[in-house]
Amino acid sequence: MDQENLSKVYDHRDVEPRWYARWMEKGYFKADANSDKPAFTLMIPPPNVTGALHMGHGLTFAIEDMLVRWKRMAGFNTLWLPGTDHAGIATQMLVERALIAEGQDRFELGREAFLDKVWAWKHVYHARITKQLQALGASCDWDRERFTMDEGLSRAVREVFVRLYEEGLIYQADRLVNWSPGCQTVISDLEVEHEERDSSMWHMAYPVADSDERLVVATTRPETMLGDTAVAVHPDDPRYQHLIGKEIMLPLANRRVPIIADGILVDMAFGTGAVKVTPAHDFNDFETGKRHGLEIIQVLDKDAKLNDNAPEKYRGMDRFEARKAIVADLDALGLLVKIEPHKLSVGTCQRSGAVVEPQLSKQWYVHIKPLAEEAARAVRDGRTQIVPEMWAKTYFHWMDNIQDWCISRQLWWGHRIPAWHCARCGGVTVSRQDATACKHCQSADIHQDEDVLDTWFSSGLWPFSTLGWPDKTADLKAFYPTQIMETGSDILFFWVARMMMMGLHFMGEVPFKTVYLHSMVRDEHGDKMSKTKGNVIDPLVISEKYGADSLRLTLILLAGHGRDIKLGERMIETGRNFINKVWNACRFALMNLSDYHADAPKPALASFSAVDLWILSRLDQTVETVNRHLDALDLNDAAMKIYQFFWSEFCDWYIELAKPVLYGQGEARRATQWTLVKVLDTALRLLHPIIPFASEEIWARLPLGEGRPEALMIAAYPKAEGVIDPRAEAEVERLMEIIKAIRNVRGELNIPLGKALDVTLRGDEAQRAEVAAHVELIKRLARVEALEINAPRPKGAAMQLAADWEVFVPLAGLIDFNEELARLDKALQKNQKALIQVQRKLGNAGFLAKAPDEVVAEQRQREADLLADQAKLAASQARIKALRAEG
């Protein structure tokens with residue numbers, strides 16, 4: 001491209017689609033299974049085909065694309081494999097809602113027709129997600145894109161199920177599960193969200209059979225009493241020892257129920273010390289029932305309505321409607337002792353919001369402990385590292401206390417369980433191919449299990465199923481195990497742990513060497529983003545407004561280990577401002593490189609100024625620091641180092657210090673041009689993994705001469721060259737300190753920029769020549785008219801320290817001391833008034849108790865800022881008074 005064609009304003013709407021199309025056309029994203037380069041593999045956490053990407057996805061893909069582009073430039077055979085997840089329960093719910101809005105439901109359609117509707121949904125949203133990822137700049141190998149229900153992955157899922165079944169690790173059992181009446185399926189513990197609600201504790205009297213005595217029990221769920229099959233007391237409780245072994249007459253149901261002793265279930269100090277036991281509707285009661293061999297009576301159906309095991313009066317009632325009726329009937333019988341207010345932790349379905357119901361059900365399970373033990377061992381012995389390390393403790397807690405995994409779901413969308421039930425003998429046939437006859441009795445009267453597998457079952461195979469397993473493919477050999485699994489900390493157990501278990505069991509190796517966990521993206525006040533709160537920031541809308549590079553840069557800068565990201569639109573504006581800064585600086589440089597000959601020999605060392613040598617030294621140190629941060633996966637620190645170098649050292653200082661040379665002629669100018677090209681080439685390579693579009697657009701115009709790569713994204717990532725120059729750094733940093741000191745005097749004393757200053761510098765005579773060499777730069781950048789070195793200290797002068805030099809600025813004729821003191825006094829009064837108001841608020845107990853935390857925090861910050869301003873104003877006031885007295 002023509003180096004003079006960099007437009008005045010950076011237009012991301014033009015640049016981004018143009019470069020993405022070019023990269024795709026050239027095949028730069030493709031990995032090669034036969035390459036001699038070392039492999040770097042990263043599997044995309046597959047987004048659900050449920051709609052658009054959210055800001056959590058934006059963070060994920062910003063981080064992952066940064067890693068992938070860095071490794072690609074660093075010489076690795078890089079595979080970033082994309083794909084989407086079928087997301088069983090979430091997708092099915094959305095399609096069902098769409099059908100309901102059209103006046104249909106899935107049962108009217110039937111299973112096959114409904115699945116056709118879901119596949120149509122999938123095709124639309126899978127394509128939309130792919131397009132959105134590309135808009136964000138994701139450099140995925142799109143030829144290898146996968147879907148968790150495509151033909152290859154479906155084959156892998158069935159193979160895993162059959163092998164685990166044959167190994168005796170998959171089985172069916174009747175157990176209590178979390179049942180979602182809203183979704184009509186079992187859900188895992190991690191899909192149950194707990195919230196504290198105001199409820200009641202009902203105290204009910206159960207008549208002791210064949211006695212006038214009554215046993216009072218306390219419960220938060222009176223509607224389940226109809227399924228009680230025991231009342232438990234503590235064996236050591238003197239109040240009830242005489243009742244152990246007797247029975248109560250269950251009110252309303254008129255059943256005899258035993259009184260049992262159980263020291264595990266019962267806390268003598270809680271409630272009445274007597275506990276109703278309902279094994280079919282409470283997890284603790286279920287275990288108690290197993291210990292005592294109690295009958296299990298289920299009184300709630302899958303819709304959470306009272307079933308035929310309840311007395312006729314209550315059948316068909318919703319559980320909460322039945323609660324009211326039962327309490328009223330107990331009261332009428334004189335068996336309701338009292339009702340107390342009670343705070344209750346209620347489990348709700350993450351998807352539907354319905355209160356979850358413990359339900360006895362036959363489900364499929366994986367005996368997971370043997371797999372979990374090896375997965376925990378792999379992290380303990382260092383085969384896989386979790387970053388940040390604090391999450392390893394959570395991982396071990398889950399793995400060391402793991403329960404068998406319920407893998408069946410009562411859905412239609414998903415991998416249907418490859419098990420066929422025989423109507424003749426009741427046997428189960430598990431097969432890799434669709435069965436046509438019972439393997440036990442050869443009857444053809446068989447039907448496939450109606451349930452599908454938990455979404456995480458197929459997702460757990462992602463690192464190897466996507467590479468062609470169970471076949472021994474070239475991709476599997478080249479790219480497994482992967483190097484990094486980057487994902488959110490919220491799915492460490494949901495997904496990461498399952499991939500660890502499955503990868504080790506079926507591949508014999510860990511699926512990834514490092515687990516990199518990012519935090520949640522919240523709004524600027526630290527609240528979770530949600531549509532109901534109206535605080536959602538859409539990554540695609542923001543990218544359209546500010547550019548994908550602006551969003552990527554902002555997210556990376558904020559993505560420190562172990563802390564959630566507080567994101568507001570103004571922060572993304574900061575990212576855009578940086579890109580504009582880079583653009584403008586490069587545009588200026590290119591305007592001064594029109595006569596630069598890239599293939600000419602490098603200028604002689606003597607041609608380079610101290611300023612040139614300084615920026616080259618700072619560049620080399622930046623390269624070394626950035627690489628160190630990247631190797632440690634401190635991505636935000638790497639990004640901040642590049643940001644600071646480009647904005648502060650290169651733009652704010654080097655360009656300004658280099659302008660007089662660039663505007664001149666001769667070898668010094670050519671050396672500075674060479675330096676400009678070297679710095680820009682290196683800095684844009686450093687920036688490319690973070691802001692790929694803008695960096696590529698600018699780099700394409702750099703005069704780099706013969707042998708340049710055809711695109712920045714396939715250019716080599718910089719390595720430190722060992723050109724540190726401590727002497728040049730000391731000399732230029734002293735120069736910068738002197739200029740900053742003069743500027744500080746001007747700013748603190750409110751001296752107008754239009755007034756030129758006289759300055760006296762006093763310092764080490766041995767450094768005089770170095771300082772004197774930069775007199776014209778000091779005059780130009782600090783607006784100085786006359787400058788003396790090591791002259792006598794002038795009277796009535798403001799003084800600042802600049803490293804080991806003193807900077808004096810005579811103030812005669814520059815400011816009116818009395819006017820300045822009056823201005824400072826007025827500013828102090830205004831400051832004091834504002835401070836009193838803030839401190840009055842912070843001293844108000846009512847305000848502290850009622851105001852939101854972020855409002856209180858804002859006021860505390862406001863107080864700190866006002867106190868700091870007050871100190872500065874007072875110091876300036878004291879300084880002016882001293883100067884006035886001296887003058």
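Start at His-421: its bridge partner in strand S19 is Val-428. This is a predicted model, so read each stop as a feature of that prediction.

**Stop 1**

Now widen the selection to the whole sheet. It is open, has three strands in the order S19-S18-S20, and its pairing is antiparallel. The edges are strand S19 (428–430) and strand S20 (446–448), each of which pairs on one side only. From one strand to the next, the twist averages 25°.

Now bring in helix H6. H6 packs on this sheet and touches S18, S19 and S20. The direction of H6 makes about 125° with that of S19.

**Stop 2: Glu-159 on H6**

Select residues 151–166 to show H6, then pick out Glu-159 within the helix. Is Glu-159 buried or exposed? Its relative accessible area is 12%, so Glu-159 is buried. Show its neighbours next. Leaving aside residues up to four places away in sequence, Glu-159 touches Arg-432, Trp-469 and Pro-470.

**Stop 3: strand S9 and its two partners**

Move to residues 230–233, strand S9. In a regular strand the side chains alternate between the two faces of the sheet.

Strands of a sheet pair through backbone hydrogen bonds, either parallel or antiparallel. Select strand S12 (residues 274–277): S9 and S12 pair in the antiparallel sense over four bridges. Then select strand S11 (residues 255–261): S9 and S11 run parallel, joined by three bridges.

Centre on Val-231. Which residues face it across the two pairings? In S12, Val-231 stands opposite Lys-276. In S11, the bridge partner of Val-231 is Ile-259.

**Stop 4: aromatic pairs**

Colour Phe, Tyr and Trp. How many aromatic pairs does a search of the whole structure find? The search finds 30. A pair of aromatic rings is described by the distance of the centres and the angle of the planes.

Go to Trp-456 and Phe-494. Their ring centres are 5.0 Å apart and their planes lie at 20°, so the pair is stacked. Trp-456 sits in helix H11 (residues 455–459) and Phe-494 in helix H14 (residues 492–507), so show both helices: the pair links distant parts of the chain, 38 residues apart. Trp-456 and Phe-494 are both buried.

Next, select Phe-578 and Tyr-643. With centres 4.5 Å apart and planes at 20°, these rings are stacked. Phe-578 lies in helix H17 (residues 569–591) and Tyr-643 in helix H19 (residues 635–662), so the pair ties together parts that are 65 residues apart in sequence. Phe-578 has 0% relative accessibility and counts as buried. Tyr-643 is buried too, with a relative accessible area of 17%.

Phe-578 and Tyr-643 form one aromatic cluster with Phe-646, Trp-647, Phe-650 and Tyr-654.

**Stop 5: arginines over rings**

Finish with two arginines. Select Arg-69 and Trp-23: Arg-69 lies over the face of Trp-23, at 4.5 Å from the ring centre. Then select Arg-380 and Phe-396: Arg-380 lies over the face of Phe-396, at 4.1 Å from the ring centre.

Notes
Residues are numbered from 1 along each chain as its sequence is written. This is a predicted model: local features need pLDDT of at least 70, side-chain atom pairs count only at pLDDT 80 or more; totals for chains, interfaces and linings use all residues. Side-chain values use heavy atoms; hydrogens and water are left out. Buried means under 20% relative accessible area, exposed over 50%, partly exposed in between (1.4 Å probe, protein chains only). Two strands pair if DSSP finds at least two bridges between them. Rings of Phe, Tyr and Trp (its six-membered ring) pair if their centres lie within 6.5 Å; planes under 30 degrees apart count as stacked, over 60 as edge-to-face and the rest as tilted. A charge sits over a ring if NZ of Lys or CZ of Arg is within 6 Å of the ring centre and within 35 degrees of the ring normal. Contact means heavy atoms within 4.5 Å. Axes are lines fitted to C-alpha atoms, for helices over the stretch in contact, and angles run from 0 to 180 degrees between N-to-C directions.
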